[in-house]
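Here is a friendly walk through one protein chain, a few spots at a time. Keep the viewer open as you read.

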Amino acid sequence: MHSTDSKAQPADQPGRPRRPWRSLLALLVGKAVRLVSRLSHHGGSALPGKVVERIDPGFLARTLSGLPRGVVLVSGTNGKTTTTRMVASMLESLGLKVFTNPTGSNFTRGVVSALVSTLGLSGRLNADIAVLELDEAYAVHFVRQVKPRYALLLNVMRDQLDRFGEIDTTARLLGQVARATRGTVVLNREDPRIASLAAQTPAQTGVAYFGLSDDLLTYFPTDDDMHASDQDADGAATASTSRPVRPGHRLPAEVTLERVMDHRAAFRLDGRLLETDLRLEGVYNLYNAAAALALVRVVLEDREPDDAALMDALSKVTPAFGRGEVITYQGAPVELVLVKNPMGFRLALTSFDSAGQDTMIAIRDEYADGRDMSWLWDVDFTSLRDAGVAMVSGTRAYDMALRLAYDQVPTEAIETDLDRALTSFLEVHPGRPKRIYCTYTSMLRLRSALGRITSVDDAGVGA
């Protein structure tokens, strides 16, 4: 099944370490911190993990050791949260007990916080496998403690470069993940920096790929496609007019995305063409679905689930919180669309029709968003010209409004305070569908504010 034969899967840890007394203390304190944070609406989802790590530095590795099917690590610039949700949901649908970090808090302490909320006082994790999203930089810290059995590496884009430095630095971080993986690494063959990581995997580690059909290569440009091309008069990359050169495109793929449709996609698995409906929003998530399918097939290669079961499991996946999540307010849908780099924003804009919708854009520059917002100038906003933008908000609202003005997109209102902006935005055209494009901390704030006035699913995230 894989392009490199996998050897017998090794144990992820040499044995389940004896539980020290401070482990129980750490768990009790962590649960107390989580309770206080949630009751007071202060602190983020990672705070209990930060406290637990300080009391018991070995908590993470010890708790995850001994899982029958080991640990899956998902990382890359775009799509981590949604793809992690896909993999976890599909594995559960196919019969496994899965532990995951569902809030998108993708630092090691976020994983520990998720463990704190899941574990009983015995400290034993009742799961077959862990499927974990890790930030590119923190994935390196994670693999120093826990050697994953599987890794899914999605892409490398210019995202938050004020945090990580040059794009090749991010690739090197993911290379450390590939070198630490003991079972199989699943790679995006269309991203040259990701595909090249196959050479860094240990000799006993398997390698598998996911990819695109020839016809879709221009639809999903890589970072090099976007930045190596001059911009045409409309701001669209000229690379979109001809098929780009991808060195790894002919590598044998576990799964390829063949066709994209409205909430439907076709995939090729071992020469078989399969179609399914999806509940996910945005064409970019269809490519994430190919990645998830490839990983699930690798994890379950001993079971070899049939095609119908795989497609059925994929069709049941719902959006991760804030990633195309739809919240109902006074009978109308309010959709939250996370944007954090040029590629993500560009694909989000091409995925959604702005007609018949009120649009808001909320841009903040906190650490989790990235301080450098110059990437907004690499996004083409002309698709918003006809409908306009009803509200621009966040700490970088005026930067965003200026960017829209350059693309001749009318802006009705600018309000830097997110709470006031949301209230005003919701009052415009009651009953009309609304969509909010937002950076990460904006999404958390807006979701929390919506939770005070309407029903919002609990994702375990502090205000």
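## Two loop residues with positive phi

E304 sits in the loop that runs between α11 (284–299) and α12. This is a predicted model, and in it E304 has a positive phi of about 50° although it is not a glycine. Most residues other than glycine have a negative phi. Is E304 buried or exposed? Its relative accessibility is 59%, so E304 counts as exposed, the cut-off for that class being over 50%.

Q330 is another residue to look at here. Its phi is near 50°, a positive value in a residue other than glycine. You will find Q330 in the loop between β10 and β11 (332–338). With a relative accessible area of 62%, Q330 is exposed.

## The chain as a whole

Stepping back, the protein chain has 16 helices and 15 strands. How much of the chain is buried? Of its 463 residues, 56% are buried.

The contacts can also be sorted by how far apart the partners lie in sequence. Among contacts in the protein chain with a separation of 6 or more, 74% are between residues 24 or more positions apart.

## Helices α4 and α12

Next, a helix pair. Helix α4 (residues 80–93) packs with helix α12 (residues 307–315) at an angle of about 130°, and their axes are 9 Å apart. The crossing of α4 and α12 is right-handed.

Which residues make the contact? From α4 come M86, M90 and S93, and from α12 come L310, A313 and L314. By class, the residues in the contact of α4 with α12 are five nonpolar, one polar and no charged.

## Helices α6 and α8

Helix α6 (residues 136–145) and helix α8 (residues 167–180) form another packed pair, with an angle of about 25° and axes 9 Å apart. Angles under 35 degrees count as roughly parallel, and α6 and α8 are therefore roughly parallel to each other. Their crossing is left-handed.

On the α6 side, the contact is made by E136, A137, A139, V140, V143 and R144. On the α8 side, T170, L173, L174, Q176, V177 and A180 take part. The contact of α6 with α8 has eight nonpolar, two polar and two charged residues.

## E325 in strand β10

Back to the strands: E325 is located in strand β10 (residues 323–329). Because its relative accessibility is 10%, E325 counts as buried.

What does the side chain of E325 pair with? A polar contact of 2.8 Å joins the side chain of E325 to that of R447. Setting aside neighbours within four places in sequence, E325 is in contact with P319, A320, V334, E335, L336 and R447.

## T201 in a buried loop position

T201 lies in the loop between α9 (192–195) and β6 (206–212). At a relative accessible area of 13%, T201 is buried.

A polar atom of the T201 side chain lies 2.9 Å from the backbone oxygen of A198. Leaving out neighbours within four places in sequence, the contacts of T201 are with A178, V185 and V207. T201 and R179 are 22 residues apart along the chain, and their C-alpha atoms are separated by 4.7 Å.

Definitions and conventions
Residues are numbered from 1 along each chain as its sequence is written. This is a predicted model: local features need pLDDT of at least 70, side-chain atom pairs count only at pLDDT 80 or more; totals for chains, interfaces and linings use all residues. Side-chain values use heavy atoms; hydrogens and water are left out. Axes are lines fitted to C-alpha atoms, for helices over the stretch in contact, and angles run from 0 to 180 degrees between N-to-C directions. Helices (H or I, at least four residues) and strands (E, at least two) are DSSP runs, numbered from the N terminus. A crossing is left-handed if the near helix is turned anticlockwise from the far one by less than a right angle, and right-handed if clockwise. Contact means heavy atoms within 4.5 Å. Ala, Val, Leu, Ile, Met, Phe, Trp, Tyr, Cys and Pro count as nonpolar, Asp, Glu, Lys and Arg as charged, and the others, Gly among them, as polar. Buried means under 20% relative accessible area, exposed over 50%, partly exposed in between (1.4 Å probe, protein chains only). A polar contact is a pair of N or O atoms within 3.5 Å; within protein, one must be able to donate a hydrogen and the other to accept it, and residues adjacent in sequence count only if both atoms are side-chain atoms. Angles under 35 degrees count as roughly parallel, over 145 as roughly antiparallel, 65 to 115 as roughly perpendicular and the rest as oblique.
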